[in-house]
Amino acid sequence: MGVRLTLPEWSSLAAQADESVPLLETALLIARDEYPDLDADLYDTLVQSHAEHLRPEIEAIDAWPLKMAAINRHLFDELGYTGNHDEYYDPRNSYLNEVFERRLGNPISLAMVQIEVARRLGVPLDGVSFPGHFLVRLPVDDGILVMDPFNGGRPLGADELRERAKPHLGGDIPDDNALMHILDPASHRAILIRMLRNLHGVYAERDEWDRAARSADRVLKLSPDQPEALRDRGLAYLKMDYKQGARHDLARYLHVAPEAADAHALRERLVELNTSKSRMH
C-alpha cells in the first residue's frame with residue numbers, strides 16, 4: 001500500500017513560506033471545493049505514471065532542453081494534453097482533476113502538469129507569471145528556455161516574448177532587464193493565487209457570485225491581506241446581499257489599499273452600506 005496523498009488544510013497555508021506551499025496538493029484542494037468527492041490519490045498516481053513512463057528516456061539524456069523536449073512530446077503529442085482554445089473560460093480548465101480527465105486546460109493548469117512531471121524527473125521547471133498567458137521556464141547553459149504550455153510547450157524567443165508583453169506594458173517594449181524581471185520564477189503561492197483569480201474572473205463574468213466569493217476567499221486563505229481579493233470578495237458579498245461581509249471586506253480593502261484607483265468609488269459604496277445599516281437600527 002503506497003502513501004496516500006494528504007491535502008493541506010486551508011487554515012495552514014497562510015503561515016507557510018511561499019515555496020513550502022505544496023503545488024499539486026493545493027491545486028487539488030482548490031478543485032475539491034467544486035468536486036467534494038475528488039480522489040486526490042488518483043491524480044497523484046497519474047502524475048507519477050506519466051513520470052515513470054518517461055524516466056528511462058529522460059535518464060539517458062544529458063541536456064536539459066532535450067529532456068524537456070521529451071517530456072513535452074509525451075505530454076502534448078502522445079497523451080494529448082492541450083490548451084482549450086474553443087472554451088478558454090470554461091471553469092473546468094482551472095480544476096486540475098478536470099484537466100487530468102479531459103486533457104484540456106488553460107495555460108496555468110497545463111503548466112502545473114508540466115511542472116509536476118518534470119520535477120519528479122529531476123528537471124527544474126518553474127512557472128512564470130507572464131502578463132497574459134502563464135508560461136514555464138527552464139535553466140539552460142546560456143540562460144533560460146521559456147515555453148508556452150498552452151501551445152504544446154512551444155519554445156518562445158526573446159522577440160516574441162517582448163511582443164507578448166507589450167500590450168500589457170502600455171505599448172512599451174521591455175528591454176533586456178525588464179524582460180528578465182518579468183521572467184522571474186513564480187512562487188507556488190503566486191501560481192495558486194493566479195489560478196484562483198482566473199476562477200474568480202470566470203465566475204464573476206457568469207454572475208455566479210457564490211463561487212466568485214469562494215474563489216476570492218481561497219486567495220485570502222493563501223494571502224490574508226491580498227487587496228484585490230478583499231475587494232473581490234466584498235463586491236461578491238454585495239451581489240449576494242451579504243451586507244455585513246461586504247462592509248467588512250471593503251473597509252479592510254480601503255485600509256490596506258487607500259490609494260487604489262477604485263478607492264473613491266468604494267468609499268462611497270461603503271458610506272451607503274453604513275448608512276443603510278444605521279437606518280435599520
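## Ala-263, a buried helix residue

Ala-263 is buried, with a relative accessible area of 1%. Here, buried means under 20% relative accessible area, exposed means over 50%, and partly exposed is in between, using a 1.4 Å probe and protein chains only. Ala-263 belongs to helix H13 (residues 263–280). Helices (H or I, at least four residues) and strands (E, at least two) are DSSP runs, numbered from the N terminus.

What is Ala-263 in contact with, leaving aside its neighbours within four places in sequence? The residues are Leu-254, Ala-257 and Pro-258, where contact means heavy atoms within 4.5 Å. Pro-174, by comparison, is 89 residues from Ala-263 in sequence and 30 Å from it in space, C-alpha to C-alpha.

## About the model

This is a predicted model, in which local features need pLDDT of at least 70 and side-chain atom pairs count only at pLDDT 80 or more, while totals for chains, interfaces and linings use all residues. Residues are numbered from 1 along each chain as its sequence is written, and side-chain values use heavy atoms, with hydrogens and water left out.

## Salt bridges

Side chains of opposite charge can pair when their charged atoms come close. A salt bridge is a side-chain nitrogen of Lys or Arg within 4 Å of a carboxyl oxygen of Asp or Glu. How many does a search of the whole structure find? It finds 25 salt bridges. One of them joins Arg-120 to Glu-116, with the closest N and O atoms 3.5 Å apart. These two residues are 4 residues apart in helix H6 (residues 107–120), so about one helical turn separates them. Arg-120 counts as partly exposed, at 21% relative accessibility, whereas Glu-116 is buried, with a relative accessible area of 14%.

Asp-159 and Arg-162 also meet through their side chains in a salt bridge (3.6 Å, N to O). Both lie in helix H7 (residues 158–165), 3 residues apart, about one turn of the helix. An α-helix has 3.6 residues a turn, so residues three or four places apart point the same way. Is Asp-159 buried or exposed? At 60% relative accessibility, Asp-159 counts as exposed, while Arg-162 is buried at 16%.

Arg-119 pairs with Asp-126, and their closest N and O atoms are 2.9 Å apart. Arg-119 is partly exposed at 31% relative accessibility, and Asp-126 is partly exposed at 24%. Elsewhere, salt bridges link Asp-33, Asp-217, Arg-218, Lys-221, Arg-233 and Asp-249 in a network.

## Nonpolar cores

In soluble globular proteins, nonpolar side chains tend to be buried together. A nonpolar core is a set of buried Ala, Val, Leu, Ile, Met, Phe, Trp, Tyr and Cys residues joined through side-chain atoms within 4.5 Å. The largest nonpolar core has 77 residues, and among these Leu-28 and Ile-71 touch the most other members. Not counting residues up to four places away in sequence, Ile-71 touches Leu-54, Ile-58, Val-117, Ala-118, Leu-121 and Val-123. There is also a second, separate core of 10 residues, including Leu-135, Val-146, Leu-156 and Ile-182.

Leu-28 is one of the buried residues of H2, and others among them are Leu-24, Ala-27 and Ile-30. The buried residues of H2 pack against helix H1 (10–13), helix H3 (40–59), helix H5 (96–102), H6 and H9.

## A pocket and a cavity

On a 1 Å grid over the protein atoms alone, a cavity is a set of points where a 1.4 Å probe fits but cannot get out, and a pocket is an open set with protein on both sides within 12 Å along at least five of seven lines; lining residues have an atom within 4 Å of a point. Grid points are joined across faces, edges and corners, and a volume is the space filled by probe spheres set on the points.

The largest pocket holds about 330 Å³ of space. Its lining has 21 residues, of which Tyr-88, Tyr-89, Arg-197, Asn-198 and Val-202 lie nearest the centre. Which helix gives the most to the lining of the largest pocket? H9 does, with 7 residues. The structure also holds 1 cavity of 30 Å³ or more. The lining of the largest cavity consists of Ile-30, Asp-33, Tyr-95, Leu-196, Leu-199, Arg-214, Ser-215 and Arg-218. Helix H2 (23–34), H9 and helix H10 (209–222) each give two or more residues to this lining, and the largest share, 3 residues, comes from H10.
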